[in-house]
Amino acid sequence: MEKISFIITDYNLPLYMIKECLQSILALSLNRKEREIILIDDGSDLSPMDDLTNYREEFIYVRQPNQGVSVARNLGLRISTGNFIQFIDGDDWIIQAPYEHCIDLIRYYNPDVVLFKMTHHKHTEVQFDVTGPVDGSDYMLHNNIHGSACSCIFRKDLLGELRFFENRKYCEDEEFMPRLLLKSERLFYTPSQAYYYRQHTASVLHKVSPKDKIRRLNDNVSIILHLSHLADTLTPIEREALKRRVAQLTMDYIYNVITLTRNIHYLENCIRRLYEHGLFPLPDKRYTRKYIWFRKLTMTKTRRKLLCRLLPHLS
């Protein structure tokens, strides 16, 4: 079995969350030669180390000034010595049985990437269905992907020079994941829900101040424009695969503008900007039923006004 480096990021998280995260990794059927746990403390007010003495021999602890999750993950990548990488947010944990299934795929199938599902349920059953190996471009061309970098195990050598952009507070995963998958020639997908994602008000995505909302939307559209420009430099199948992802992200962006701002004038300015970059109207594709209907409902200003009244609030 090759070594997996688990890169955990922490910023001012309750101690019990970090312990649950560590315990979930230690419970896996990996010995010390097969796992490496790296905890990156992104400038927490208090270091958790005094309260983690029982685990001290099990992980590497690095503390940096508060610079955000992208900088923390890039630091973890520089330190890591494993053949494979698994990112984990310190408030989440690994679900043992489904994740063991993912480890088996690494043991027996020599993948570049193993994609799995994330869940808000603490206990899930193993789903043994597996798709693969498939080329990452082909997979993206026919499937929506999860935007979180925590939703996969990937071979470190696959990265090359790819790293997280460090000047964004939000949406850093949305830029990283499609570029990672485009590099993959042996991608496996399992519907097993192997990663528990905790929802709580301290999460960065629950920041609700007007300034945070606009920063989130600006980072969102910046990623879309960057990926759109990148698509124009790729091979035909890579370009079509990435354009599908760009269309999905653009749909999500318009939805977020509506639910975060409820401001039709701001929405129309955003639509105008997308139009100037050739990203609106959304491409006339039959990606998913949701995509087809949302495209129709955003085609006119009258329908967009209706969406501003009807869509649920997002915070």
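**Burial, ring pairs and charges over rings**

Me: Why is Tyr-139 called buried in this predicted model?
Reply: Tyr-139 has a relative accessibility of 8%; buried means under 20%, so Tyr-139 counts as buried.

Me: What makes Tyr-139 and Tyr-189 an aromatic pair, and why is the pair called tilted?
Reply: Their centres lie 6.0 Å apart, and rings pair if the centres lie within 6.5 Å. The planes are at 35°; stacked requires under 30 degrees and edge-to-face over 60, so the pair counts as tilted. Tyr-139 belongs to helix 4 and Tyr-189 to strand 9, 50 residues apart.

Me: Why does Tyr-189 count as buried?
Reply: The relative accessibility of Tyr-189 is 18%, and the limit is under 20%; Tyr-189 therefore counts as buried.

Me: How do you know that Arg-73 lies over the face of Phe-87?
Reply: Arg-73 is placed at 5.2 Å from the ring centre of Phe-87, and the criterion asks for CZ of Arg within 6 Å of the centre and within 35 degrees of the ring normal. Phe-87 also forms one aromatic cluster with Phe-154, Phe-164 and Phe-176.

Me: What makes the Lys-296 and Trp-293 arrangement a charge over a ring?
Reply: The charged end of Lys-296 sits over the ring of Trp-293 at 5.0 Å from its centre, where the distance limit is within 6 Å.

Me: Why is Thr-250 called buried?
Reply: Thr-250, found in helix 7, has 1% relative accessibility, and with buried set at under 20% it therefore counts as buried. The side chain of Thr-250 reaches the backbone oxygen of Val-246 at 2.7 Å.

Conventions
Residues numbered from 1 in each chain as written. Predicted model: local features only at pLDDT ≥ 70, side-chain atom pairs only at ≥ 80, totals over all residues. Heavy atoms only, no water. Helix = DSSP H or I, 4+ residues; strand = E, 2+ residues; numbered from the N terminus. Buried < 20%, exposed > 50% of the residue type's maximum accessible area, 1.4 Å probe, protein only. Polar contact = N/O pair within 3.5 Å; in protein donor to acceptor, adjacent residues only side chain to side chain.
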